[in-house]
Amino acid sequence: MIGNALPLMKDRSERLWDRALRVIPAGTQTFSKGPGQYVSGVAPKYIQRGLGGRVWDPDGNEFIDYGMALGPIILGHAYPRVNEAIAAQLRDGITFTLMHPLEVELAEQLAAIVPCAEMVRFGKNGSDATAGAVRIARACTKRDKIACCGYHGWQDWYIGSTSRGLGVPAAVTLLTAHFEYNNIDSLYTLFRQHSGQIAAVVLEPVNFFPPRPGFLEDVKDLTHRNGAILVFDEVITGFRFSVGGAQALFGVVPDLAAFGKAMGNGMPISALVGKGELMRVLNDAFYSFTFAGEAVSLAASLATICEIREKRVLDHIWRMGARLIDGYNRIVAELGLKRLTKCIGYPCWPKVVFNDGDGHASPLLETLFQQEIVKRGILTRPGMFVCYSHGPHDVDETISVYRLALQVLAEAVERDAVREHLEGDIIEPVIRSVLQAPR
Ligand SMILES: Cc1ncc(COP(=O)(O)O)c(C=O)c1O
């Protein structure tokens, strides 16, 4: 079915959605999985099951999946080695009254592979780890303000500083300010305006754009000169850009770091890691919750990390990603679309971008592209999470679909009829803006 452009069957998806709207606010547990992120009326709304690099929706439609549950699935869906580790731990029990030995084993494993990880604490979501890092920084520096760059989760300290800050006390929103990636002057400005008040600089060390030479080093230097703590948010980059995270790839070691997503191949686990002298604040500061040491996720994470290391998983992912980027950009050149779209980013996390020809992002073209690929069996947001189970044939099949979708797009642009081609609503960003201006 991959490649055909017949309308998808979606009765079951739509019926579930109608029921969801009655009992689930926003209809979803995760904004980024909600219908606003895909072309409504065209894309499925639910996934029933997955295997390797593919998923099936409740109506039986099959997709090559690059959404990968927003990044966690690094090996593949229902991956045998991880499933076996989960099953073995399930037979012994899930979570207990006292600590579990796997806590020690996994903490030692992370300490061995992540440069800044002298000590480790676990969590469930990336937001646990980033919020924990902020608490440590505030406790250690006796300062309250945070400078950040990127997305860092749902907790008040971060989300209050974005357009999604409804419900966060105003006093808290005033404590976080944003700086711009690859613009050291913007961080310098924050330190000048909030002199002696910034506890931590929290940033995604890399995203779709490479750091300018010296940028990460300059951030570290400026942060330390101002008496603040450097936190790398490696929730996406960890176990994807390199096993030890972006800090290992770029050779810039932060004081603290947050890991999550890929470390359990889909099981809910995250880690707050860092220098011992800072992490020991957690002897007193409260970072403690019922499921932090839940054993099934610890077992899954150990199996995932072993598999990533033993099978050289990231080499494969980078190779497949490079094939995807090259394939996309070759078609773009052939169809004369270079002005409007290209595939950017590192091979482990490529992203297709669209603009209107005048340098502005084009949600309209992005939506048309999404519509045409999902109808032909590719499920992804613009950022594509390549996994170990995606083989060359999957990537080549994907590129064939991209060719067909880009042909539709080229023809629509040529006839100035993009809007007429749309069968659903234009895709909306989850967070429209952050409060950039320092306050
Ligand atoms: C860079 C980054 N940090 C933190 C988070 C928050 O992680 P979670 O949604 O698991 O709480 C995310 C989630 O997408 C993320 O991409």
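Predicted model: local features only at pLDDT ≥ 70, side-chain atom pairs only at ≥ 80, totals over all residues.
The protein is divided into two parts: domain 1 spans 11-65 and 312-421, and domain 2 covers 80-310. Their centres, taken over C-alpha atoms, are separated by 28 Å. Domain 1 brings 16 residues to the contact, and domain 2 brings 18 residues. About 1,500 Å² is buried between domain 1 and domain 2. Carbon and sulfur atoms give 71% of this area. Three residues of domain 1, Leu 314, Tyr 346 and Trp 349, supply 45% of the area that domain 1 buries against domain 2, more than any other three residues. Helix 12 (residues 313-334) contributes 4 residues, the largest share of the side of domain 1 that touches domain 2. Between the two domains, 6 residue pairs are in polar contact. The count of salt bridges between domain 1 and domain 2 is 0.

An open sheet is formed by 7 strands in the order 4-10-9-8-7-5-6, with mixed pairing. Strand 4 (119-123) and strand 6 (176-178) stand at the edges. Each has a single partner strand, so one side of each is left without a neighbour in the sheet. On average, neighbouring strands of this sheet are turned by 20° against each other, direction ignored.

Strands of a sheet pair through backbone hydrogen bonds, either parallel or antiparallel. Strand 7 (residues 198-203) pairs with strand 8 (residues 229-234) in the parallel sense, over 4 bridges. Val 202 stands opposite Val 231 in strand 8. Helix 4 (residues 126-141) lies across several strands, including strand 4, strand 7 and strand 8. Helix 4 runs at about 30° to strand 10 (270-274).

Note on methods. Residues numbered from 1 in each chain as written. Heavy atoms only, no water. Pairing = 2+ DSSP bridges. Helix = DSSP H or I, 4+ residues; strand = E, 2+ residues; numbered from the N terminus. Axes fitted to C-alpha atoms, helices over the stretch in contact; angles between N-to-C directions. Contact = heavy atoms within 4.5 Å. Domains from an automatic or database assignment. Buried area = accessible area lost by both parts, 1.4 Å probe. Salt bridge = Lys/Arg side-chain N within 4 Å of Asp/Glu carboxyl O. Polar contact = N/O pair within 3.5 Å; in protein donor to acceptor, adjacent residues only side chain to side chain.
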